[in-house]
Amino acid sequence: MTPRNPNTRKWFSTMDSRAGSYDAWRTRAGRVAALVTPAAGRVWRDERLFFGALTLFNLFVARRTFGAGIWADNDSVCHYAYVRHLLEEILPATGSFFGWTPKYDMGAPFLLYNTPPGLYVATATLARITGLTALVALKTVMVAAFLAVPFVGARLARTFEDEPREMPKFVALALSLFSS
């Protein structure tokens, strides 16, 4: 049977000797909390600070987006192929983003049934106007869409309460943490 005295437990004595005593940890944690709590409270109460901090957090999460190459996920390869097909073949041939592509099987309507055209049209427009490559334009549009998700969710959550209080911030925070 394990003795009730924590000082006789092996793990406690190891922790005590390496990291300092529990009271020292509690004191340090108390000092950090005393510094962080007023700043966090101010950020939570001021909507501009909150959404600014949330956007900075989301930019930190997306920081590796603009590295070389495409993203290492399943969809980005398909999105990139669609954008390149739109920019290099459909748009020059038809002058429109809708068209018939003979590239796949016996042909298929391009951007009519399979996928909604918004992402591809925005990416192609950005690439044409700015001269960006299709990949950089796709990454820019995707990051802008990723950054917009918490704002759109918070705006929608404002409609659920007569006097918006904390729910829009919680919705924005949840969407920020769990959206891809």
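Biologist: Why is Asn 58 called buried?

Modeller: The model is predicted, and in it Asn 58 has a relative accessibility of 2%. Buried means under 20%, so Asn 58 counts as buried.

Biologist: Where is Asn 58 found, and what does Asn 58 touch?

Modeller: Asn 58 is found in helix H3, residues 47-61. Leaving out residues up to four places away in sequence, Asn 58 touches Phe 146, Leu 147, Pro 150 and Ser 176.

Biologist: What makes H3 and H7 roughly parallel to each other?

Modeller: The angle at which H3 packs with helix H7 (residues 167-178) is about 5°. Angles under 35 degrees count as roughly parallel, and H3 and H7 are therefore given that description. Their axes are 11 Å apart.

Biologist: Which residues of H3 and H7 meet?

Modeller: From H3 there are Glu 47, Phe 50, Phe 51, Leu 54, Phe 57 and Asn 58, and from H7 Lys 169, Ala 172, Leu 173, Ser 176 and Leu 177. By class, this contact has seven nonpolar, two polar and two charged residues.

Biologist: Which residues make the contact of H4 with H5?

Modeller: H4 brings His 79, Tyr 82, Val 83, Leu 86, Leu 87, Leu 91 and Pro 92, which meet Leu 119, Tyr 120, Val 121, Thr 123, Ala 124, Ala 127 and Arg 128 of H5. Of the residues in this contact, 11 are nonpolar, two polar and one charged.

Biologist: Which members of the largest nonpolar core touch the most other members?

Modeller: That core has 13 residues, and those touching the most other members are Tyr 82, Val 83, Leu 86, Leu 87, Phe 110, Leu 111 and Tyr 120. Helices H4 (75-94), H5 (118-130) and H6 (134-158) each give two or more residues to this core. H4 supplies the largest share, five residues.

Biologist: What does Val 83 touch?

Modeller: Not counting residues up to four places away in sequence, Val 83 touches Tyr 120, Thr 123, Ala 134 and Leu 138.

Methods:
Residues are numbered from 1 along each chain as its sequence is written. This is a predicted model: local features need pLDDT of at least 70, side-chain atom pairs count only at pLDDT 80 or more; totals for chains, interfaces and linings use all residues. Side-chain values use heavy atoms; hydrogens and water are left out. A nonpolar core is a set of buried Ala, Val, Leu, Ile, Met, Phe, Trp, Tyr and Cys residues joined through side-chain atoms within 4.5 Å. Buried means under 20% relative accessible area, exposed over 50%, partly exposed in between (1.4 Å probe, protein chains only). Helices (H or I, at least four residues) and strands (E, at least two) are DSSP runs, numbered from the N terminus. Contact means heavy atoms within 4.5 Å. Ala, Val, Leu, Ile, Met, Phe, Trp, Tyr, Cys and Pro count as nonpolar, Asp, Glu, Lys and Arg as charged, and the others, Gly among them, as polar. Axes are lines fitted to C-alpha atoms, for helices over the stretch in contact, and angles run from 0 to 180 degrees between N-to-C directions. Angles under 35 degrees count as roughly parallel, over 145 as roughly antiparallel, 65 to 115 as roughly perpendicular and the rest as oblique.
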